[in-house]
Amino acid sequence: MKKASSLSELGFDAGDASSGFFRPVSDSSSSAADGVVVTPSAHRRRLTKVSVIGAGNVGMAIAQTILTRDLADEIALVDALPDKLRGEMLDLQHAAAFLPRTRLVSDTDMSVTRGSDLAIVTAGARQIPGETRLNLLQRNVALFRKIVPALAEQSPDALLLVVSNPVDVLTYVAWKLSGFPASRVIGSGTNLDSSRFRFLLAEHLDVNAQDVQAYMVGEHGDSSVAVWSSVSVAGMPVLKSLQQSHSSFDEEALEGIRRAVVDSAYEVISLKGYTSWAIGYSVASLAASLLRDQRRIHPVSVLARGFHGIPDENDVFLSLPARLGRAGVQGVAEMELTEEEAKRLRRSAKTLWENCQLLGL
C-alpha cells in the first residue's frame with residue numbers, strides 16, 4: 001500500500017467530501033416556500049503562516065512548541081533531507097486529534113514557504129561539543145547564501161527570525177542577503193541566555209523566574225554581558241540586597257554566575273549532544289510577541305549601531321531589550337548601564353563587527 005499522509009494520496013478523491021455529513025442552513029430571512037439555502041461564506045480572517053527552515057532538533061522543537069501554543073494556522077517545514085523531513089511532518093500530523101487545527105506542509109523546495117508571515121531559520125551545522133559559536137561562522141554563511149534570498153523571494157513581507165549560530169553574525173548576514181529593513185530581521189539572541197540567568201537567580205531567591213527582571217545583552221556567546229545593575233524582583237534591586245546579605249557576592253562571584261549562564265548551553269550539548277527544548281520555548285515566545293502584536297520586551301539581536309557608544313558606521317547586530325510586535329522591532333529600550341557594563345557591551349560589539357567585516361557583504 002502506498003504510504004500517504006492523506007486519503008487523496010491513497011486514491012480517494014476528496015472533492016466536497018464533507019457534504020455527506022453537513023447540510024447548509026436555510027436563510028432565515030426567506031420563507032420556507034422560497035427554498036433558499038445559504039452556503040456559508042469562506043472565513044475572512046487572515047490566516048497566519050509560519051515557516052521553519054531546518055528540521056533538526058532545534059527546528060522541530062520550535063515547530064512543536066508553536067503548534068501546541070496555537071500560534072499559526074499553517075506551518076511549513078523545509079529541510080535538505082526529504083525522508084527525515086517527511087517523517088517529522090507525519091509524526092506531528094498523526095497527533096492532529098490532540099492539537100489545535102493547523103495545516104502542516106513540508107518540502108525540500110523553498111516554494112512551500114510562499115506567503116509566510118514569519119520565517120524562522122534554524123538550518124546550519126550542528127555545534128560540536130567545545131566549539132565556540134563564532135567557529136561555526138564560515139560553515140553557515142555559505143548555507144545562508146542559498147536560503148535567505150529564496151525565502152525573501154517567496155515571502156517579501158515576512159518577518160525573518162534567525163536562530164542558527166553564531167546568531168548575531170548570521171542575523172547580519174540575513175539582513176544583508178534579504179534586503180529587508182532591519183526592523184524585520186531579528187536574531188533570537190540572548191532571549192534564552194536571559195531566561196537561564198533568571199532561572200539561576202530565581203532558584204537562589206526561591207521565587208518564580210517570571211518575577212525576576214534580568215537581562216543578558218551583547219553577543220549570544222562568550223562575550224555576553226550580564227546587566228547586574230538592573231536586576232530586580234518586585235521592583236527591588238537584587239544586587240544591592242545580595243551584596244549586603246552575602247559578602248561573597250563580589251566581582252569574581254558575579255563573573256562566575258555570568259560564566260555559568262554562558263556555559264550552560266555547552267553543558268547541555270556535552271550531556272545530550274544538542275540543545276532543543278529551551279530554545280523551542282524561547283523562540284515560540286518571540287513568535288507570539290511578533291504574530292500577536294504583544295509589544296513585549298525581549299533581549300534579541302537587532303541592528304545596534306549608535307546604542308551605548310557603538311559607532312554609527314558599524315552595522316553590528318547584538319542583543320538589546322527590544323519591543324516586538326507585528327511589524328517586527330518597534331523600538332529598542334535605552335537601558336541605563338554602568339560604565340563597566342557599557343564598556344563590556346562595546347567590546348562585545350567590536351568582536352562581532354570584526355567577524356562581520358571578514359564576510360565582505
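Which helices each supply at least two residues of the lining of the largest pocket? They are H1 (57-68), H3 (137-154), H5 (191-205) and H7 (251-272). Helices here are DSSP runs of H or I with at least four residues, strands are E runs of at least two, and both are numbered from the N terminus.

Before going further, the ground rules. This is a predicted model, with local features needing pLDDT of at least 70 and side-chain atom pairs counting only at pLDDT 80 or more, while totals for chains, interfaces and linings use all residues. Residues are numbered from 1 along each chain as its sequence is written, and side-chain values use heavy atoms, with hydrogens and water left out.

On to the pocket terms. The grid is 1 Å over the protein atoms alone; a cavity is a set of points where a 1.4 Å probe fits but cannot get out, a pocket is an open set with protein on both sides within 12 Å along at least five of seven lines, and lining residues have an atom within 4 Å of a point. Points are joined across faces, edges and corners, and a volume is the space filled by probe spheres set on the points.

The largest pocket holds about 910 Å³ of space. Its lining has 40 residues, and Val-58, Thr-122, Ala-123, Gly-124 and Ala-125 lie nearest the centre. By class, the lining has 19 nonpolar, 15 polar and six charged residues. Nonpolar covers Ala, Val, Leu, Ile, Met, Phe, Trp, Tyr, Cys and Pro, charged covers Asp, Glu, Lys and Arg, and the others, Gly among them, are polar.

The second largest pocket has a volume of about 560 Å³. Of its 19 lining residues, Ser-195, Arg-198, Gln-210, Ser-285 and Arg-296 lie nearest the centre. H5, helix H8 (277-291) and strand S12 (296-303) give two or more residues each, and H5 has the largest share, five residues. The classes here are eight nonpolar, eight polar and three charged.

H3 gives the most to its lining, with three residues. That lining divides into seven nonpolar, two polar and no charged residues. Phe-180 is one of them, and Arg-184 lies over the face of Phe-180, 4.4 Å from the ring centre; the criterion is NZ of Lys or CZ of Arg within 6 Å of the ring centre and within 35 degrees of the ring normal.

Last, the rings. There are four aromatic pairs, meaning rings of Phe, Tyr and Trp (its six-membered ring) with centres within 6.5 Å; planes under 30 degrees apart are stacked, over 60 edge-to-face, and the rest tilted. Tyr-172 and Trp-175 form a tilted pair, 6.3 Å centre to centre with 55° between the planes. Both are buried, that is, under 20% relative accessible area, where exposed is over 50% and partly exposed in between (1.4 Å probe, protein chains only). Phe-197 and Trp-228 have ring centres 5.1 Å apart and planes at 85°, so that pair is edge-to-face.
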